[in-house]
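Please look over the sequence and structure below. A short report follows, arranged by topic.

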Amino acid sequence: MKTLIQHGRIISASDDYVADILIDGELISAIGKDLAVNAEQTIDASGMLIFPGGIDPHVHLEMPFMGTFSSDTYETGTRAALYGGTTTVIDFILQKQGNSLRAALDEWSGRATGNAVGDYSFHMAVTDFNDSTKGEIKEMIDEGITSFKTFMAYKGALMIDDRQMIGLMEEVKQQGGIVTVHATNGDMIDYLVQKNVSEGKRAPIYHYLSQPEVTEAEASERFADMTNYTECPGYIVHLTCEGALNAVRNATRRNQKVFVETCIQYLVLDASLYEQDFDGAKWVMSPPLREKKDQATLWAGINQGLVQVVGTDHCPFTWEQKQMGKDDFSKIPNGHPAIEHRMELLFSEGVNKGKISLNKYVEVTSTNAAKIFGMFPKKGTISVGGDADIVILDPSVKHTISAKTHHMNTDYSGYEGWDLSGKVKSVLLRGKVVIDDNKCLVEKGYGQFVKRKKVSGII
Ligand code: URP
Ligand code: ZN
Ligand code: ZN
């Protein structure tokens, strides 16, 4: 089947031009002015912006965590992502301490296969690095899982120590992968949480006060130093603050690259949201929201090329699940829903408000993640031979975010009532129109696993 998208304004990480796109099957087969071809389907994109399908490299779907499961399944989560223009997500497999990486992969594949609506890949979270895990790193890379997630926090559950970290980095470097990290100092946080809880300070704001900026700055610097020593490519997930970004800035002085992801919430929300009784639980996530000065640093970091990716860390829970921590902030499941809104929020708050350019928007929502994680140029750009993953956005449409109308499986929104300018009109995934005028046209099972290539650590 051939589809022709006509007269759209095509934006890539470097270009901005009006042209037609011809799609043949799942792939883009031609791009040019006034293409004279017969196609079974024609889409008039006059006045529309055309972006490569969004890639969100940080989501948690059906993740067992803090005594419950994140509330979006592969079906509901990837469908919600498509509504918002994200065609590919990378989810996190969690190794169970004492068990193999293979067992974890089998468990996660079992949940995802046949259920995803949009495309997906996996990072492998290594929570127990030992001789046997070491032997499985190459096996995972051969499966197309080329990124290995580590936690410097969540002591007693997911955290690994520096000895394990160095060992993992040496092996991952050897095999051609990348180590990613939740970089906060788990021991400090554990101490502060226990102290606050024992002093009866149990409201959501103490979640924020138990993870001060220094816990993230210290761990980010330690991680950067360890990647420098081992020469392993490194990527810091959900970086939130000035201190942590300064650690990365320091690393660039020795010509070292540490890739940085921030998330949409850290750009547009701040810690004042914790100053309201239990309602603040909606934004209990780790790291917590920060200060206005940190938002300014992050926007600048994007423009300085220090922050390459804007993800979501989508980890939704229902309001009932959040009640698990009603009397104790340390029991509130950490995470917030955002998979659906990342692209439109960043367009409205970033591009429309003059903070980032259209090209930068494409870089941080799609192209850089594809390059860093070994999917480029199949994903992450609009080019001949690449997957026809395309977002058609109408910049003139205004709309309002609400839990009543969103498609994520949660009954509240962290952005309730936000007015946005610019709305996704249609989305194509591998050549098929999957979203059109707020309707999803595909069923679960359409989404495919994306096998990723080895990574170089250079983009
Ligand atoms: O609060 C968060 N971020 N929940 C998900 C797990 C993680 O740390 O990414
Ligand atoms: Zn994390
Ligand atoms: Zn996360």
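Which loop holds Pro377? Pro377 lies in the loop between helix 14 (358-372) and strand 16 (390-400). Helices (H or I, at least four residues) and strands (E, at least two) are DSSP runs, numbered from the N terminus.

## Basis of the model

This is a predicted model: local features need pLDDT of at least 70, side-chain atom pairs count only at pLDDT 80 or more, and totals for chains, interfaces and linings use all residues. Residues are numbered from 1 along each chain as its sequence is written, chains are lettered from A and ligands numbered from 1 in the order in which they are written, and side-chain values use heavy atoms, with hydrogens and water left out.

## Cis peptide bonds

The bond from Phe376 to Pro377 is cis, with omega near 0 degrees. Another cis peptide bond links Ser286 to Pro287, and its omega is about -10 degrees. Pro287 is found in the loop between helix 10 (264-268) and helix 11 (292-303).

## The ligand site

Ser286 also belongs to the surroundings of ligand 1. Other residues there include His58, His60, Phe65, Tyr154, His182 and His238. Met285, Asp313, Cys315, Asn334 and Gly335 are also among them. A residue is near a molecule if one of its heavy atoms lies within 4 Å of it. The shell divides into four nonpolar, seven polar and one charged residue. Here Ala, Val, Leu, Ile, Met, Phe, Trp, Tyr, Cys and Pro count as nonpolar, Asp, Glu, Lys and Arg as charged, and the others, Gly among them, as polar.

Which polar atoms approach the oxygen atoms of ligand 1? A polar side-chain atom of Tyr154 lies 2.6 Å from a ligand oxygen. For a side-chain N or O atom of His182, the distance to a ligand oxygen is 3.1 Å. Ser286 uses a polar backbone atom, 2.7 Å from an oxygen of ligand 1. The protein covers 99% of the 260 Å² of accessible area that ligand 1 has on its own. Such areas come from the Shrake-Rupley method with a 1.4 Å probe; for residues, only the protein chains shown count as cover.

Ligand 1 sits in the largest cavity. A cavity is a set of points, on a 1 Å grid over the protein atoms alone, where a 1.4 Å probe fits but cannot get out. A molecule sits in one if more than half of its atoms lie within 2 Å of its grid points.

Gln95 is found in the loop between strand 9 (86-94) and helix 2. Gln95 is buried, at 3% relative accessible area. Buried means under 20%, exposed over 50%, and partly exposed in between (1.4 Å probe, protein chains only). The Gln95 side chain reaches the backbone nitrogen of Asp128 at 2.9 Å.

Arg111 lies in helix 2 (residues 101-112). Arg111 is buried too, with a relative accessible area of 15%. A polar contact of 3.2 Å joins its side chain to that of Glu107. Such a contact is a pair of N or O atoms within 3.5 Å; within protein, one must be able to donate a hydrogen and the other to accept it, and residues adjacent in sequence count only if both atoms are side-chain atoms.

## Helix 13

Helix 13 (residues 342-351) is mostly covered: ten of its ten residues are buried. Among them are Arg342, Glu344 and Glu349.

## Positive phi angles

Asp34 has phi near 40 degrees, a positive value in a non-glycine residue. Asp34 is exposed, at 58% relative accessible area. Arg430 has phi near 45 degrees. Arg430 is buried, at 3%.

Conventions. 1 Å grid on protein atoms, 1.4 Å probe; cavity = no way out; pocket = protein on both sides within 12 Å on 5 of 7 lines; lining within 4 Å.
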